[in-house]
Amino acid sequence: QVQLVESGGGLVQPGGSLRLSCAASGSILRPNVMGWYRQAPGKQRELVATITSGGSTNYADSVKGRFTISRDNAKNTWYLEMNSLKPEDTAVYFCNTKPLGIPGIAYNYWGQGTQVTVSS
């Protein structure tokens, strides 16, 4: 059974930085996509950034140039470096992983979420 555990959330002032981590326990079949999503109060969960096990990245327009996703395949861990944070970045951030084009394989693992609050 795979479990994802996020860490690194917290309260930060506008313009500040935070680094989120997502550690996966158990075996994850690759190739896979690792991602970060967020959900603000009263809003739907939205994609923030993804990275494949091969290193290809994708970002939501709202975070391009401010957030960086990275991964360490050997540690089954991926990260979200968040800089120049804005109040509108306030949300619960969830990590996720799913397979990338593996025939006959389907999984969709989520972490429990970590709160990020950007406020002065």
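**A chat about loops and strands**

Reader: Is Asn-76 buried or exposed in this model?
Author: At 17% relative accessibility, Asn-76 counts as buried, where buried means under 20% relative accessible area, exposed over 50% and partly exposed in between, with a 1.4 Å probe and protein chains only. The model is predicted, so local features need pLDDT of at least 70 and side-chain atom pairs count only at pLDDT 80 or more, while totals for chains, interfaces and linings use all residues. Residues are numbered from 1 along each chain as its sequence is written, and side-chain values use heavy atoms, with hydrogens and water left out.

Reader: Where does Asn-76 lie?
Author: Asn-76 lies in the loop between strand E7 (67–72) and strand E8 (77–82), strands being DSSP runs of E with at least two residues and helices runs of H or I with at least four, numbered from the N terminus. Asn-76 is not a glycine, yet has a positive phi of about 55°.

Reader: And what about Ser-84, buried or partly exposed?
Author: Ser-84 counts as partly exposed, at 39% relative accessibility. Ser-84 sits in the loop between E8 and strand E9 (91–99), and also has a positive phi, of about 50°, without being a glycine. Most residues other than glycine have a negative phi, and most peptide bonds are trans.

Reader: Which residues does a cis peptide bond join?
Author: A cis peptide bond joins Arg-30 and Pro-31, with omega about 10°, and Pro-31 is in the loop between strand E3 (18–25) and strand E4 (32–39).

Reader: Changing topic, how many helices and strands are there?
Author: The protein has zero helices and 11 strands, and buried residues make up 45% of its 120 residues.
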